[in-house]
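Welcome, and thanks for taking a look at this one.

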Amino acid sequence: MKLSIKSKLSLGFAFLFVVILLIGGIGAFSIQQIGVESKEILKDNYESMTFCKSMMQALDDMEKGQSEAQFRFETNLSAQEKNITEPGEKEMTEGVRTYFEQAKNHFSPNAEANIRQRLYRIIDVNMLAIVRKNNLAQHTINTVLLYLGLIGSICFLVLFTFILNFPGYIANPIKELTASIKEIANQNYSERLHFKSSDEFGELAEAFNAMAQKLDSYENSNMAKLMFEKKRIETIINNMKDPIIGFNEKQIILFVNTEASKILGIPEHDLIGKYAPDVAIQNDLMRTLLMQNEHAKPLKIFADSKESYFNRETLVVAGKNEQDGLPVKLGTVIILKLDLAKTNFIATISHELKTPIASIKLSSKLLEDVRIGKLNEEQKELIENINDETERLLRITGELLDIAQVETGKIHLNFQKVKPEEIVSYAVDSLHFQAKQKGISLEVVPATDPFPDILADLEKTAWILVNLLSNAIRYSPENGKIIVSLNKMEKMLEFSVRDFGQGIEAKYQDKVFDKFFRIPGSNTSGTGLGLAIAKEFIAAQGGEIGFESEFGKGSRFFFTLPLFI
């Protein structure tokens with residue numbers, strides 16, 4: 001007969017329930033029996049002894065001549081005659097009655113002695129009966145304890161066996177099943193389960209083995225090869241840098257690579273299998289892609305915290321109708337290609353501007369040379385303005401070249417082992433004069449122990465720290481203070497720049513790293529590109545950049561870089 005796991009559990013718990021009822025019933029019956037025997041001892045024998053003692057007390061009072069003593073004796077004797085329970089007790093009680101009747105007419109010492117003798121014998125008989133019944137009650141208790149001990153031992157053995165075997169009975173098949181599932185996940189379709197039981201585990205083993213057999217057959221079929229090719233194509237598509245979206249002839253989304261998922265702002269699993277027009281209702285970019293023709297102007301898309309321009313290219317997947325052999329549209333693939341023209345134009349112009357700017361700077365230096373001629377105060381002021389604007393143009397040109405690298409994704413990094421103290425020392429020395437002009441002190445928190453080396457691009461990391469220090473000086477009040485510190489974290493090192501300027505209002509804090517953003521009313525020069533470039537440079541090195549600011553109390557900008565391991 002096949003028993004399911006549920007039936008086995010039910011039988012096991014039913015057995016435990018019966019055992020509990022059995023032990024409880026035996027215990028209750030035994031307690032009741034002991035109570036009855038104890039009650040008999042108190043009711044019969046103890047009361048007989050009490051009557052006898054009362055009669056002896058009445059005899060003493062009769063000897064003293066007390067008139068009511070005879071009545072008390074009569075009362076207790078009558079009660080004793082109704083409470084005869086032991087062998088021989090009746091004859092002795094009748095003897096007491098005989099001698100008492102004689103004593104009522106003529107009380108004599110001889111009659112008193114005979115009465116007392118029989119009363120003592122009645123007391124002895126009941127005393128012996130109490131001892132006997134007590135021994136009987138004790139025997140009953142011992143018997144009950146023996147039975148309970150035997151039943152308890154049997155139950156303990158059964159439960160101990162249950163505790164040892166049942167968890168393994170449940171857990172071992174599950175453990176084997178888990179191991180077999182892992183083997184199947186690793187494409188070992190020859191794995192099989194061998195459960196000998198005929199319960200649910202046996203059925204599970206049969207179903208698992210059937211599944212493994214079908215998977216094994218499927219793996220060796222043509223469908224498996226097709227699926228492999230599909231996976232290979234999906235892998236290639238996902239590794240392409242251009243966003244790609246594929247639709248079938250009914251505009252159901254068949255595939256979306258990682259880049260397309262990013263710019264759409266929707267996870268891949270929320271796009272696959274969805275009707276594209278339905279997605280377009282909630283997504284402006286999808287709506288634009290479905291409506292726009294190929295000859296429209298490039299798309300301006302904001303993704304990954306930067307703006308990029310893309311050209312739309314549509315590929316039609318065609319096939320032949322099985323019935324008439326005519327061409328039929330099977331689906332559409334949209335490819336968004338990054339428009340590098342704008343970025344390359346900026347990079348080219350920025351590069352070409354460096355030469356004339358350098359020439360202007362050299363000419364300005366020559367004009368300042370007294371050997372060429374003396375300048376009046378107005379001319380000196382003009383030359384100074386030319387120098388300032390030249391430096392500003394050079395800084396803007398450099399930042400435009402950096403942002404061009406960022407937008408094309410071609411950030412060139414030279415990773416090397418770097419001592420963080422050297423970067424801090426370089427940045428502080430570079431801006432020492434600028435800080436001194438405003439009376440600002442640059443304080444570097446001394447290290448108790450040498451900091452570990454980091455893995456970074458020395459030039460770009462130094463540029464980032466100089467940029468943060470330059471901003472801190474720019475936004476700090478005169479005669480202020482800026483604190484530069486290093487902090488070792490788990491597998492990372494943090495660079496921190498703390499100023500005590502006006503801080504950043506909460507409404508502007510989410511825009512700090514946006515390109516060309518400058519805090520309104522700050523009255524400071526700058527392109528608004530520095531922090532945006534710094535963020536990309538840090539991300540490219542595997543670190544993070546951020547800030548903490550409280551309006552009116554200053555700001556702390558920080559970035560982390562991985563340790564050299």
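How many salt bridges does a search of the whole structure find? The search finds eleven salt bridges, a salt bridge being a side-chain nitrogen of Lys or Arg within 4 Å of a carboxyl oxygen of Asp or Glu. Please keep in mind that this is a predicted model, in which local features need pLDDT of at least 70 and side-chain atom pairs count only at pLDDT 80 or more, while totals for chains, interfaces and linings use all residues. Residues are numbered from 1 along each chain as its sequence is written, and side-chain values use heavy atoms, with hydrogens and water left out.

**The chain as a whole**

- The protein chain has 15 helices and twelve strands; these are DSSP runs numbered from the N terminus, with helices being H or I of at least four residues and strands being E of at least two.
- Of the 565 residues in the protein chain, 36% are buried. Buried means under 20% relative accessible area, exposed means over 50%, and partly exposed is in between (1.4 Å probe, protein chains only).
- Accessible areas come from the Shrake-Rupley method with a 1.4 Å probe, and for residues only the protein chains shown count as cover.
- Among contacts with a separation of 6 or more, 62% are between residues 24 or more positions apart; contact means heavy atoms within 4.5 Å.

- Side chains of opposite charge can pair when their charged atoms come close.
- Asp61 and Arg72 meet in a salt bridge through their side chains, at 2.4 Å from N to O. Asp61 belongs to helix α1 (residues 5–63) and Arg72 to helix α2 (residues 69–81), so this pair ties together parts that are eleven residues apart in sequence.
- Asp61 counts as buried, at 8% relative accessibility, whereas Arg72 is partly exposed, with a relative accessible area of 28%.
- Glu74 forms a salt bridge with Arg97, and their closest N and O atoms are 3.1 Å apart. This pair links distant parts of the chain, with Glu74 in helix α2 and Arg97 in helix α3 (residues 89–105), 23 residues apart.
- Arg97 is buried, with a relative accessible area of 18%, while Glu74 is partly exposed at 24%.
- Arg97 also meets Glu81 in a salt bridge (3.0 Å, N to O). Here Glu81 is in helix α2 and Arg97 in helix α3, 16 residues apart.
- Glu81 counts as partly exposed, at 33% relative accessibility. Salt bridges that share partners join Glu74, Glu81, Arg97 and Glu101 into one network.

**A buried phenylalanine**

- Phe557 sits in strand β12 (residues 554–562) and is buried, with a relative accessible area of 12%.
- Phe557 and Leu468 are 89 residues apart in sequence, and 7.1 Å apart in space from C-alpha to C-alpha.
- Leaving aside neighbours within four places in sequence, the contacts of Phe557 include Leu468, Phe495, Val497, Ile504 and Phe547.

**A nonpolar surface patch**

- Phe156, Leu157, Phe160 and Leu164 make a nonpolar surface patch of about 450 Å². Patches are made of residues with over 30% relative accessible area and no salt bridge; like charges are joined within 9 Å, and nonpolar side chains (Val, Leu, Ile, Met, Phe, Trp, Tyr) within 5 Å.
- Leu164 is found in helix α4 (residues 109–185) and is exposed, with a relative accessible area of 55%.
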